[in-house]
Amino acid sequence: SKRQGIIEYAQRFVGGKYKFGGTSLTKGIDCSAFVQQIYAKFGIELPRTSKPQSKCGRSISYSQLQPGDLLFYGRSGVSGVGHVAIYIGNGKIVHAASERLGITISNARYTTILAIKNVID
C-alpha cells in the first residue's frame, strides 16, 4: 500500500544528517523538508514548512493513527507547530529530529503532540 511504501522509504534515511533549512535527503535536511520529499515521491504535495503542513489533510485523533500519518509538535522558541514527524506504527515516528540525533526513530509521544493529520486518504 501507499502507507507502507511511505514508511519504508522514510526509514531508508535513518542515520542521515539533520540540517536546519536543509533540503537534501543525503546531505542534510530538516523535519519539514524530510516530510515534504518523502510524500512527494508518492505524489502527495505538501508545503515546505511544518506550520502550513499542519493545515493539510484531515485531523484525526491518536487512537485513529495509522502508519504514514503526520504528527505535529511544538518546538522551544516557536509558537504553535515547529516540528513534524511521520508515524510508522507501534507508537513510533521517523523524523529529522535534530543536529545531534539526525534522522531517527523516536517514541511518538516524546513531547506534546499539537496536531495529527491524515494527508493520504
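Me: How do H1 and H2 pack, and at what angle?

Reply: Two packed helices are described by the angle between their axes and the distance between the axes. Here, helix H1 (residues 2–11) packs against helix H2 (residues 31–40) at about 130°, and their axes are 10 Å apart. Axes are lines fitted to C-alpha atoms, for helices over the stretch in contact, with angles from 0 to 180 degrees between N-to-C directions. Helices (H or I, at least four residues) and strands (E, at least two) are DSSP runs, numbered from the N terminus. H1 and H2 are therefore oblique to each other (under 35 degrees is roughly parallel, over 145 roughly antiparallel, 65 to 115 roughly perpendicular, the rest oblique). This is a predicted model: local features need pLDDT of at least 70, side-chain atom pairs count only at pLDDT 80 or more, and totals for chains, interfaces and linings use all residues. Residues are numbered from 1 along each chain as its sequence is written, and side-chain values use heavy atoms, leaving out hydrogens and water.

Me: Which residues of H1 and H2 make the contact?

Reply: From H1 come Ile6, Tyr9 and Ala10, and from H2 Phe34, Ile38 and Tyr39, where contact means heavy atoms within 4.5 Å.

Me: And in what order do the strands of the sheet run?

Reply: Strands of a sheet pair through backbone hydrogen bonds, either parallel or antiparallel. In this open sheet of six strands, the order is S3-S8-S4-S5-S6-S7, with antiparallel pairing. Strands S3 (58–59) and S7 (102–107) are the edges, each pairing on one side only (pairing takes at least two DSSP bridges). H1 packs on the sheet, touching S5 (78–89), S6, S7 and S8 (113–118).
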